[in-house]
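Hi there,

I'm passing a structure on to you, as promised.

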Amino acid sequence: MVFSNNDEGLINKKLPKELLLRIFSFLDIVTLCRCAQISKAWNILALDGSNWQRIDLFNFQTDVEGRVVENISKRCGGFLRKLSLRGCIGVGDSSLKTFAQNCRNIEHLNLNGCTKITDSTCYSLSRFCSKLKHIQNSCHELVSLNLQSCSRVTDEGVVQICRGCHRLQALCLSGCGNLTDASLTALALNCPRLQILEAARCSHLTDAGFTLLARNCHDLEKMDLEECILITDSTLIQLSIHCPKLQALSLSHCELITDDGILHLSNSPCGHERLRVLELDNCLLITDVALEHLENCRGLERLELYDCQQVTRAGIKRMRAQLPHVKVHAYFAPVTPPTAVGGSGQRLCRCCVIL
């Protein structure tokens, strides 16, 4: 092709930019890079972010360093949906943090063989890449993974992680609202070393999934099950039987939990010896009877009871007489007593109590 002095060829003049970009979109990255060297006009077209939605750098793995990933992320930005860094051993946490900040629409990410990355990369991805669907195959040494608020993560992704990461000890899935018991089953069958599970706002999880998890993961120490609204006392019974190391448990907004579940928890080995923190905010069926049961938890340090409407000040005081070291956080909503005809109601303030 012959170009004029102003670096615009005939094709550039005859075809609209939208059509040219459409043509360029069918080219692989090698051809795009070659086209970018032909002219200024083609350089702009070839390096347009819309042409870089899917990138596979496997064929260049020995040459790809962190700065390459950073430059790609700045060039592609929100256009990039799929990136494979398989075998790119020169890529580390710092460059992937920059990548995560710039490419927040990424959906598929292949990090197989990226031996320099650590949990820091997982943190960056969980913080910035909420649309991420597929990641983390063959990271056999991974012990901690945070996928908080990655709302498009599905059971399929969690199952693949569990099958490849048998040493996993800490997993945050809070806000991954599409997950079901299939994810808990995968954890139970593949990750026996699990110590920390955060699954807040995973509203599809049920007793069946947590039963299998408790029976297989006996090292559990911390569980955040806030707003797992389908679980009942059955989950607490299984945790009481099979998880003697449990130290912290959040059941806030689990409205099916009753005093009977707390009875089993408080009478268990973990209740007697290990339990330090229990959160029961908005557990509407919890009463002062549960507080009597918790007197068996001699190591309890903090108890959350915000908006537990059947818990009274008197019940809290009786419990603290037996457990003077425990800090109890509760909220007593304002109430208005009946008034005489023609009179005005006086609001009796029931407020936040930290005892």
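This is a predicted model: local features need pLDDT of at least 70, side-chain atom pairs count only at pLDDT 80 or more; totals for chains, interfaces and linings use all residues.

Residues are numbered from 1 along each chain as its sequence is written, and side-chain values use heavy atoms, without hydrogens and water.

Let's begin with the cores. A nonpolar core is a set of buried Ala, Val, Leu, Ile, Met, Phe, Trp, Tyr and Cys residues joined through side-chain atoms within 4.5 Å; buried means under 20% relative accessible area, exposed over 50%, and partly exposed in between (1.4 Å probe, protein chains only). The largest one has 66 residues, and Leu197, Leu213 and Leu303 have the most contacts inside it. A second, separate core holds 38 residues, including Ala36, Leu57, Leu80 and Ala100.

On to the charged pairs. The whole structure has 7 salt bridges (a side-chain nitrogen of Lys or Arg within 4 Å of a carboxyl oxygen of Asp or Glu). In one of them, aspartate 219 pairs with lysine 245, with the closest N and O atoms 3.0 Å apart. Aspartate 219 is partly exposed at 26%, and lysine 245 is partly exposed at 31%.

Glutamate 304 bridges to arginine 302 at 2.7 Å between the closest N and O atoms. Here glutamate 304 is buried at 8%, whereas arginine 302 is partly exposed at 28%.

Enjoy exploring!

Best wishes
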